[in-house]
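User: I am new to reading structures. Please take one part of this model and walk me through it closely.

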Amino acid sequence: MEHPLPHDIIDGANADPAHVVFVLHGILGSRRNWRSFTRRLAKQYPDWRYITVDLRGHGDAHGLPGPHTVDACAGDLARLATALDVQPRAVIGHSFGGKVALRYAALTPDGLEAVWSLDSPPGRWHRGAGGDEIARVFAAIRSLP
């Protein structure tokens, strides 16, 4: 892979390379958001390897060519899996990362056994049902110098 995504590998004590989980952050986060959580998972489920990933435009993953879409992020994950020579059996994603996890599952279903999409309803975002609050936050950010 010419431009691998920044990532951390957190192995359980008996990590099996065939038991891999990608862990994805939300829209304003980075792989560091999941450090404590994945360490606890690795202690509780020591047969697994957890790979926390900075999605494009987040954390240390800057400079990737556009478009910067959910599809592009899912493609980045597929390329990262190839570069690391792993086939994740599960993907855990929070918020925006949950949408990326669902798209990754649609693109690369072979070997994937579980997708946890946390705080991320499937489908497109629509105004209302919390969307108005998000729109107000973005409007406030855009109004700043």
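**Helix H3 and its surroundings**

In H3, the buried residues are Phe-96, Gly-97, Gly-98, Val-100, Ala-101, Tyr-104 and Ala-105. Keep in mind that this is a predicted model. What do these buried residues pack against? Their partners are E2, H2, strand E4 (90-94) and E5.

Check the length of H3 next. The helix has 12 residues, which should span 16 Å at 1.5 Å a residue. The end C-alpha atoms of H3 lie 17 Å apart, so the two values agree.

Now zoom in on one residue of H3. Leaving out residues up to four places away in sequence, Tyr-104 touches Phe-22, Ala-74, Leu-77, Ala-78, Ala-81, Pro-88, Val-91 and Leu-112. Tyr-104 also belongs to the largest nonpolar core, which has 22 residues. Phe-22, Leu-24, Val-53, Leu-77 and Tyr-104 have the most contacts inside this core. Which elements give two or more residues to it? They are E2, E3, H2 and H3. There is a general pattern here: in soluble globular proteins, nonpolar side chains tend to be buried together.

**The neighbouring helix**

H2 has 15 residues. Its first and last C-alpha atoms are 21 Å apart, close to the 21 Å expected at 1.5 Å a residue. The buried residues of H2 are Ala-72, Cys-73, Ala-74, Gly-75, Asp-76, Leu-77, Leu-80 and Ala-81. They pack against E1, E2, E3 and helix H3 (96-107).

Take Leu-80 as an example. It sits in helix H2 (residues 70-84). Is Leu-80 buried or exposed? It counts as buried because its relative accessibility is 0%, and the cut-off for buried is under 20%. Leu-80 and Val-53 are 27 residues apart along the chain, yet their C-alpha atoms are separated by 9.3 Å. Just after H2, Asp-85 has a positive phi of about 55 degrees.

**The sheet**

The strands come next. An open sheet is formed by 5 strands, in the order E1-E3-E2-E4-E5, with mixed pairing. Strand E1 (7-11) and strand E5 (114-118) are at the edges. Each has a single partner strand, so one side of each has no neighbour in the sheet. From one strand to the next, the twist averages 15 degrees.

Look at one pair of strands. Strand E2 (residues 20-24) and strand E3 (residues 49-53) run parallel and are joined by 5 bridges. Val-23 has Thr-52 in E3 as its bridge partner. H2 packs on the sheet and touches E1, E2 and E3. The direction of H2 makes about 140 degrees with that of E2.

**An aromatic pair**

One more detail. The model has 2 aromatic pairs, counting rings whose centres lie within 6.5 Å. One of them joins Trp-34 and Phe-37. Their ring centres are 4.9 Å apart and their planes stand at 70 degrees, so the pair is edge-to-face. Trp-34 is buried, with a relative accessible area of 10%. Phe-37 is partly exposed, with a relative accessible area of 26%.

Methods. Residues are numbered from 1 along each chain as its sequence is written. This is a predicted model: local features need pLDDT of at least 70, side-chain atom pairs count only at pLDDT 80 or more; totals for chains, interfaces and linings use all residues. Side-chain values use heavy atoms; hydrogens and water are left out. Helices (H or I, at least four residues) and strands (E, at least two) are DSSP runs, numbered from the N terminus. Buried means under 20% relative accessible area, exposed over 50%, partly exposed in between (1.4 Å probe, protein chains only). Two strands pair if DSSP finds at least two bridges between them. Axes are lines fitted to C-alpha atoms, for helices over the stretch in contact, and angles run from 0 to 180 degrees between N-to-C directions. Contact means heavy atoms within 4.5 Å. The expected span of a helix is 1.5 Å times one less than its number of residues. A nonpolar core is a set of buried Ala, Val, Leu, Ile, Met, Phe, Trp, Tyr and Cys residues joined through side-chain atoms within 4.5 Å. Rings of Phe, Tyr and Trp (its six-membered ring) pair if their centres lie within 6.5 Å; planes under 30 degrees apart count as stacked, over 60 as edge-to-face and the rest as tilted.
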